[in-house]
Amino acid sequence: MLTSAIPDRSSRVGLALAGGGPEGAVYEIGVLRALDEAIDGLDFNNLPVYVGVSAGAFLSANLANGLTTAQNARAIVKHEPGEHPFHPKTFFTPALGEMVRRSLMTPRLAFEAVLDYLRHPTDLTFGESLLRLSRALPVGVFDNEPIRDYLERIFSLPGRTNDFRQLRRRLIVVATELDSGLAVRFGEPGHDHVPISVAVQASTALPGLYPPVLIDGRHYVDGVLLKTLHASVALDAGAKLVICINPIVPVDTLHAEERRTRERRLTELGLPTVLSQTFRTLIHSRMTVGMAAYAPRFPHQDLVLFEPKSDDYRMFFTNIFSFSSRKAVCEYAYAATRRELLLRFDELAPIFARHGLRLREEVLLDADCDLWAGVGLDGGEGCDRVRGDLPVTQALDRALRSLELWLDRQQGAPLPGHPAGRGTRVLSARPRARRGRRRRAATP
């Protein structure tokens, strides 16, 4: 059993992570690492409740099992001894078994279609009778067994567990029961006997991409079909502050600051891109409505949401198989989160302070903080290292750059390299009388 004590200052905070596929998981790792460095008193491995959906379930399970934000970041770029590196092929293994099984059904279905037409020639056209062949289409293009196997091996290492009941922290993995369309919270009583790896496999089973997962005689698919974040689960569990991360944002090619293709029309990029944009738009719109509905339900609790800007191509047209692309997305999420925290410091710091946390302005002002150095890679210096032994010229240079960042923030101007669009929202359900006015960031 994992028995690490939960620090007092983290005992009020919950974490809700949405999906977004492998690229969404990489984005969430970058955000988590930035928050880990910048918020004093927050321990992402000792929160009272974790809620994960799809790719967010994958990361939530890692954090609840003691894998640090640094370990998750290193897994993207390094084969760490004793760990299993983050390989996109884990998520994109062709479902050959499903394809073969379905193809073997084709002769029988074709025979039944012809027989049905001959029996009822006035009721069906021959083309209509052939619709029966659609049953031979695979229910998933990719195999999700490697995902389950990957997590099972990670959670079998000493000090970890694949059993919800053995966790010191409360982990809830949300999936959708296919035959009823209802949400199921794996990790809660009645569903806590299911191995964590299997629950995550079910939560990531997006229809069309992965086959449904059979658990106790019922089929389960991706939990994002019902809600994007399921942040209310953490609020219902008593968390006073819920940190939410959502990578699923529709792209805005008309106002994109960076175009990696000359085509501004998504239709030119084919069906997968159109479907992705449609899915992202529906999911994000539903999440916005859902988050607004939390205010009357939870009048004394706060939510802080982090998500990418809609005009950033890096979160939409990313080749997750490329090592450099994975690294770039994580770096982008890390840097963007740090800039946003600093830009909105006066708004966010009091919210974190109400829950016993301190937003570390000195860390956000340090222009030399480096993601990979902070997790023990690439040499250099991380944000948490002591810097009193720096040469005078380097210390002066750092001080001048920090002063420049501070002045930009005081003047309300966008920080260097920071576009006008913002990716952080503060959604508080606290009454206006207590807060003076509702603090809310602009939409991304």
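Trainee: What share of the contacts in the protein with a separation of 6 or more comes from residues 24 or more positions apart?

Mentor: That share is 75%, where contact means heavy atoms within 4.5 Å. Keep in mind that this is a predicted model, where local features need pLDDT of at least 70, side-chain atom pairs count only at pLDDT 80 or more, and totals for chains, interfaces and linings use all residues. Residues are numbered from 1 along each chain as its sequence is written, and side-chain values use heavy atoms, with hydrogens and water left out.

Trainee: How many helices and strands does the protein have?

Mentor: There are 17 helices and 13 strands. Both are DSSP runs numbered from the N terminus: helices are H or I with at least four residues, strands are E with at least two.

Trainee: What makes helix α8 mostly covered?

Mentor: Eight of the eight residues in α8 (residues 196-203) are buried, and buried means under 20% relative accessible area, with a 1.4 Å probe and protein chains only. Ile 196, Val 198 and Ser 203 are among them. Across the protein, 51% of the 444 residues count as buried.

Trainee: Why is α7 called roughly antiparallel to α8?

Mentor: The axes of α7 (residues 145-155) and α8 cross at roughly 150° and come within 8 Å. Axes are lines fitted to C-alpha atoms, for helices over the stretch in contact, and angles run from 0 to 180 degrees between N-to-C directions. Angles over 145 degrees count as roughly antiparallel, under 35 as roughly parallel, 65 to 115 as roughly perpendicular and the rest as oblique, so α7 is roughly antiparallel to α8.

Trainee: Which residues of α7 make that contact?

Mentor: On the α7 side they are Glu 145, Arg 148, Leu 151, Glu 152 and Phe 155.

Trainee: How does the reach of α1 compare with what is expected?

Mentor: From its first C-alpha to its last, α1 reaches 26 Å, close to the 26 Å expected. The expected span is 1.5 Å times one less than the number of residues.

Notes: Buried < 20%, exposed > 50% of the residue type's maximum accessible area, 1.4 Å probe, protein only.
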